[in-house]
Amino acid sequence: MKAILVNPIDNSLSWSDVPDPVVGEEDVLVEIHYAALNRADLLQRAGDYPPPPGCPEWMGLEIAGYIREMGPAAREKSTFKCGDAVCALLGGGGYAEYVNVKYDMLMPVPEGVSLCEAAAMPEAFCTAYLNLFREGSGKAGDTLLMQAGASGLASVVIPMAKAFGMRVITTVRYAELAEKIKPLGADLIVNTSEEKLCDVLAAQLEAGTPVDIAIDCLGGENMGDVLPYLARGARWIMIATLAGDISPINLKTVYVRNIRIIGSTLRSRAPEYKADLIAELVEKVWPKVTSGEVRPVIYRVLPITEAEEAHALMASGKHNGKIVLQVR
């Protein structure tokens, strides 16, 4: 089969021949039709985010396609069968024609959702659910701050939070992005090129609507500036540091306001944890997908052979929604 490999000399991408997957007892062989991009792919390409042991060396954390083969234990333990349309959460290996997936990493494609849309769901939806509800303890009436509102993750987090009764504040860097993400339904969009986030959150605190949960993929030197303006007991969840790794923090603010700063990644979780998370996600969120309350936002679809262009588009930060690679 073919997969996207990284040239170790010039870091370029190529659609190259690789060995076919060998289906194990609990494995399911999925014929990939679409694979979605994530920021983690760029980090892996740069050598900063290696795949877990046992995963293919090529990138790709979420895919959609059809089951073509099942190991004996997978047939016995799961309700899936050959020919089913599925999407899957991977430790890696999605930029390819086929992938081996342990049966409990599979999810059914929700009713009314295309394979292209389904490919944009597993990693993003699992990450959103993990941080909103398991790490953030989110509930109806909470105020969420979602940084980088035009990102692929934000395109899931914002409508998911709204579907479960939360109020949402989000940030963008450009006025045109603020317009583009309005359909996501955020209650307040902050253009950080025109106003300081700490000033906005100070006003929110004074108005009695402070932030209870923050999902932050930016970090950077200004992160510490906003902590004094969060709700008491707020949860600030760090999932990446695209704006910088270092920020000065007044530690007294953290304990006086009982703020919890939580580091969170999905890829590093144990397989058993991911399987439990997937089951909960399908039970609680898939009905809201079918009803239209939460849907993936697709920004652009490119052929798998144009993965280089897709990576450049993601690195630019000027997209809103998910970028998807079409394999077939």
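Mentor: Ground rules: the model is predicted, so local features need pLDDT of at least 70 and side-chain atom pairs count only at pLDDT 80 or more, while totals for chains, interfaces and linings use all residues. Residues are numbered from 1 along each chain as its sequence is written, and side-chain values use heavy atoms, with hydrogens and water left out.

Trainee: Why is serine 16 called buried?

Mentor: Serine 16 has a relative accessible area of 18%, and buried means under 20% (exposed is over 50%, partly exposed in between, with a 1.4 Å probe and protein chains only). So serine 16 counts as buried.

Trainee: What makes the serine 16 and serine 14 side chains a polar contact?

Mentor: They sit at 2.8 Å. The cut-off is a pair of N or O atoms within 3.5 Å; within protein, one must be able to donate a hydrogen and the other to accept it, and residues adjacent in sequence count only if both atoms are side-chain atoms. Serine 16 is also in contact (heavy atoms within 4.5 Å) with Met1, Lys2, Ala3 and Leu5, leaving aside neighbours within four places in sequence.

Trainee: How do you know that the buried residues of helix H7 line one face?

Mentor: Those residues are Leu197, Cys198, Val200, Leu201 and Gln204. Seen down the axis of H7, they fall within an arc of 160°, so they line one face; the arc is that of the directions from the helix axis to the C-beta atoms. They pack against strands S8, S9 and S10 and helix H8. Helices here are DSSP runs of H or I, at least four residues, and strands are runs of E, at least two, numbered from the N terminus.

Trainee: What makes S10 and S13 edge strands?

Mentor: Each pairs on one side only, and the order of this open, parallel sheet is S10-S9-S8-S11-S12-S13. Two strands pair if DSSP finds at least two bridges between them; S8 and S11 have 3 bridges, so they pass.
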